[in-house]
Amino acid sequence: MRSELLYTTSQAYLADTIVTAPTGDSSLQLYGRGEGTVDWDGTTGTIEWTNFPELRPDGLFTPNVTGVIRIGAASIMYRMSGLSLEPDESGFRRFVGSVQWWTDDPEYRWLTKRFGVEVGTIDTSDGSLTSTVYDVTPV
């Protein structure tokens with residue numbers, strides 16, 4: 001297996017978009033929207049998404065993100081699901097998740113046959129996050 005850097009992101013939750021609802025089993029279901037920028041091999045694009053994570057009783061989140069990346073004329077839909085750890089002493093949550101992509105753009109169609117991993121941090125004080133996404137498709 002190889003690991004190849006695909007892109008990095010700088011994102012943030014949009015103000016007043018986070019909604020919570022108890023699930024009855026001491027966990028909490030949330031909903032939020034966000035946007036940001038993507039740096040893909042020196043080309044800057046945009047990213048927008050929704051997240052429908054669960055806050056488990058043990059304090060961990062399970063991100064469930066769907067969104068779209070736009071680079072030039074290309075639109076790339078994606079889905080990420082994973083695990084977000086409890087905040088560290090500085091208020092940052094570390095997260096990791098698996099990523100899949102969908103697009104009909106000829107330049108990025110190869111992504112639809114790849115498997116990605118996203119790793120990053122969320123600043124719990126302001127909802128900003130940064131991440132790095134790797135192609136980890138087995139060869």
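A: Let's start with a term: a polar contact is a pair of N or O atoms within 3.5 Å; within protein, one must be able to donate a hydrogen and the other to accept it, and residues adjacent in sequence count only if both atoms are side-chain atoms. Keep in mind that this is a predicted model, where local features need pLDDT of at least 70, side-chain atom pairs count only at pLDDT 80 or more, and totals for chains, interfaces and linings use all residues. Residues are numbered from 1 along each chain as its sequence is written, and side-chain values use heavy atoms, with hydrogens and water left out.

Now to Ser131, which sits in strand 11 (residues 128-135); strands are DSSP runs of E, at least two residues, numbered from the N terminus. With a relative accessible area of 4%, Ser131 is buried (under 20% relative accessible area, using a 1.4 Å probe and protein chains only). Its side chain has two polar partners to look at: the side chain of Thr9 at 2.6 Å, and that of Glu118 at 2.7 Å. Setting aside neighbours within four places in sequence, the residues in contact with Ser131 (heavy atoms within 4.5 Å) include Tyr7, Gln11, Phe95 and Gly120.

Definitions and conventions: Helix = DSSP H or I, 4+ residues; strand = E, 2+ residues; numbered from the N terminus. Buried < 20%, exposed > 50% of the residue type's maximum accessible area, 1.4 Å probe, protein only.
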